[in-house]
Amino acid sequence: RSWRRGLPSEMLLNSNKVLLEGKTRDLEVASGEATQLEARLAEQNSRLRHVQEELERAASEKARVTASIEAAQPGLTELKRLASEARGRTEAQHAELSSLDAEAEDAWATCAVLQQRLRRMEATGQALALARASLPAAAAAGAAAAATAAPQGS
């Protein structure tokens, strides 16, 4: 300012006009930049609203899933209990089947022994039947032999 005091008023006016024009251009540039920043800010706010909506949907979905899980817990617990009971019954049935299988094997072995005895008894029965059938002939032969061996005339 001190250098302007000595200038004639027209020069001072021109100098101020040039300064004013420069400041006006600076202001116009700053205004354009502010407009661009406002547009970016509006875009960012739009994205932020979109993200917030997505977060709200995700939170809602999470709450729904959590509620579903909590609602399913008693059923899952019951299902686990039933599965455990079924597993226990299956194991008991398996043990019973193993026992029955062992009994069946014992029964087969007993049957085999009894079949052998039966065959021996049948063979013995057949031998006895043959002996019985030949008994009258053996008795007659014995009587004939006795008669021939006995003294005749005495």
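A: Buried means under 20% relative accessible area. The model read here is predicted.

Q: How many of the 154 residues of the chain count as buried?
A: By that cut-off, 1% of the 154 residues are buried. The accessible surface of the chain is about 13600 Å², and carbon and sulfur atoms hold 61% of that area.

Q: How many helices and strands does the chain have?
A: There is 1 helix and there are 0 strands. Helix H1 covers residues 9–149, 141 residues in total.

Q: Where does H1 bend?
A: The bend, of about 40°, is at Leu135. Pro136, a proline, follows within four residues.

Q: What radius of gyration does the chain have?
A: For a compact globule of 154 residues the value would be near 15 Å, but this chain has 62 Å. Its C-alpha trace spans about 210 × 30 × 20 Å along the principal axes.

Q: How many Å apart are the mean positions of the positive and negative charges?
A: The 20 positive and 21 negative charges have mean positions 5 Å apart.

Terms used: Residues are numbered from 1 along each chain as its sequence is written. This is a predicted model: local features need pLDDT of at least 70, side-chain atom pairs count only at pLDDT 80 or more; totals for chains, interfaces and linings use all residues. Side-chain values use heavy atoms; hydrogens and water are left out. Helices (H or I, at least four residues) and strands (E, at least two) are DSSP runs, numbered from the N terminus. The expected span of a helix is 1.5 Å times one less than its number of residues. The bend at a residue is the angle between axes fitted to the seven residues ending there and the seven starting there. The radius of gyration is taken over C-alpha atoms; the globule rule is 2.2 Å times the number of residues to the power 0.38. Buried means under 20% relative accessible area, exposed over 50%, partly exposed in between (1.4 Å probe, protein chains only). Accessible areas come from the Shrake-Rupley method with a 1.4 Å probe; for residues, only the protein chains shown count as cover. Lys and Arg count as positive and Asp and Glu as negative; His and the chain ends are not counted. The place of a charge is taken as NZ of Lys, CZ of Arg, CG of Asp or CD of Glu.
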